Amino acid sequence: MEKNVSEMILDALKNAGIKTAAALREIFSDAEKKATAPADCLTARGRIEALFDEGTFMESGKYVRRTPSELDGSADDSFEGVICGWGAINGRLVYAFSQDYSRTKGALTEAQARKIEEIYRLAMENGAPVIGIFDSAGALLPEGVRALAGYSRMMKCASRASGVIPQIAIIPGVCAGSAAVVAGMFDFIIISEAKGSVSFNAPFVLDCKDAGKSEFVQKSGLAALAAKNDGECIMCAKALLSYLPMNNMEGTVEDMSRDSANRLVDISAYAATKNAKELIAAFADDAKYLELYGEYAKEMSVGFISVNGTVCGVVANNKAENGGILTAGAARKAAKLITFCDSFDIPVITVLDSEGPDASLEAESSPYAAELAKLAFAYANAKCAMITLIAGEAYGAHFSLMGSKALGADVVLALDSAKIGVMSAGRAVAFLLNDKITENVTREELEAKWDQKIGSPVAAAGAGEVDDIIADGEIRQRIAGALMMLSAKSKCAPARRHTNMPL
């Protein structure tokens, strides 16, 4: 008996390799069950589940498969090595992709790149952050230039999203070659100390087995944060995300704080150690400070806090490390955070206390002036609220470069004990007043007189470069007040129809 039309169509579909929805779900379920991960690591699906609020993740492009070539030995029903979708993190919309090492070692293909590209399109149109979890052995070689173009697609996506939506890269596994470039285009990188590795060149090429590993990339300034394993990396990402707005139009995160804005600050711990983190924690809400790039250029400390419920970026000289001098790395580190904060209208608090610029041949080889120029550009071009606290020494170019009023700071406060001027009292006396030293006039007396008359915050306030001189205990209160006053800065100013003539 001849087959009817419906049977012929079903046979044709079967011969064409097209599966029913039930068959696809079964194949996908089997693939998920076979997915494995190294010890102390999560699977790609496990990472997604740990990242999003329970039950909120919705996957996109779930059944996307590439078309194998004659040189590709993978099965026809192999799904793409990346999980893409969206969901809620602490109740806020976030988009994410998680490369799946168990599927052809997460190898990048044209189809995988297009899945990620679609996630970026949705994220941009809906104004929500993107979190990328990188774990791939590289491009799928049989695809040739199509796979290479996939990296280009990802680079273009990251570039277009930069400054529009926050981007966080999590590196729990391998991220090498062009993938490292893509991750480097994200705003922040978080790496796993257990298995994470991110480098453009392979370690064997560099003849350095530690190249790309957690400690290496932290010290190089590439990784903002590190954690023991991928589970803790995801927790770090969620903590970091809580400080970030959804997009560049939302403005900084603001929430109610139980910590009184008028709480008096005790900076005795900072006075003893000169560790900037002690001072920052003293005026932050609940003493919470999320430091970024902590292992890179330690003479500068940068990160996020909230003051009276308003999230702020912090840039502070850390005098406990290398005298807090303004090295090339410190300048680059500060400029990076300032530029990010300005992109998303997050206020920046600058804390000055340093022995000054870096006077070394190594610095000049950076080239030093170019690195300082980047810092000056970051401050001068910033439109976000800018508050400067001079907590100690601020001499010479260091004062000019870091949050001065002339460079664009909205409010500059100085502690009673601050020392501000062209140079320190010791250098000034040695340079200008050596001939004034006699049996009756000591060097110490001249230095004290210099500090009192020329190097004091009073002199700077008289010149209009300091708005107010405050006591230690007032720091939190005055910063909170300044933030409230500047809360409307960078918003659209009311448009004027015309002037009101005095008729």
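Helices (H or I, at least four residues) and strands (E, at least two) are DSSP runs numbered from the N terminus.

The model is predicted, so local features need pLDDT of at least 70 and side-chain atom pairs count only at pLDDT 80 or more, while totals for chains, interfaces and linings use all residues. Residues are numbered from 1 along each chain as its sequence is written, and side-chain values use heavy atoms, with hydrogens and water left out.

**Stop 1: helix α5**

Select Ala147, Gly150, Tyr151, Met154, Cys157, Ala158 and Ala161, which are buried in α5. Buried means under 20% relative accessible area, exposed over 50%, and partly exposed in between (1.4 Å probe, protein chains only). Seen down the axis of α5, the buried residues fall within an arc of 120°, so they line one face of the helix. The arc is taken from the directions from the helix axis to the C-beta atoms. An α-helix has 3.6 residues a turn, so residues three or four places apart point the same way.

Now show β3 (92-99), α4 (110-126), β5 (167-171) and α6 (178-184), which are among the elements covering the buried residues of α5. On the other side of α5, Val145, Leu148 and Arg160 are exposed. Just after the helix, glycine 163 has a positive phi of about 80°.

**Stop 2: the nonpolar cores**

Next select Leu292, Phe304, Val315 and Leu326, the residues with the most contacts inside the largest nonpolar core, which has 71 residues. Such a core is a set of buried Ala, Val, Leu, Ile, Met, Phe, Trp, Tyr and Cys residues joined through side-chain atoms within 4.5 Å. Helix α12 (residues 328-343) gives the most to this core, with 9 residues. A second, separate core has 34 residues, including Leu122, Val130, Cys175 and Ala183.

Zoom in on valine 315: leaving out residues up to four places away in sequence, its contacts include Met300, Ala334, Leu337, Ile349, Tyr379 and Met402. Contact means heavy atoms within 4.5 Å.

**Stop 3: cysteines**

How many disulfides does the structure hold? There are 0, a disulfide being a pair of cysteine sulfur atoms within 2.5 Å. The sulfur of cysteine 236 is 6.2 Å from the closest cysteine sulfur, that of cysteine 233, which is too far for a bond.

**Stop 4: salt bridges**

The count of salt bridges is 23; each needs a side-chain nitrogen of Lys or Arg within 4 Å of a carboxyl oxygen of Asp or Glu. Aspartate 135 lies in the loop between β4 (130-133) and α5 and arginine 47 in helix α3 (residues 44-51), so the pair ties together parts 88 residues apart in sequence. Both residues are buried.

Then select glutamate 125 and arginine 121, a salt bridge with the closest N and O atoms 2.9 Å apart. Both lie in helix α4, 4 residues apart, about one turn of the helix. Glutamate 125 is exposed, at 55% relative accessible area, and arginine 121 is partly exposed, at 37%.
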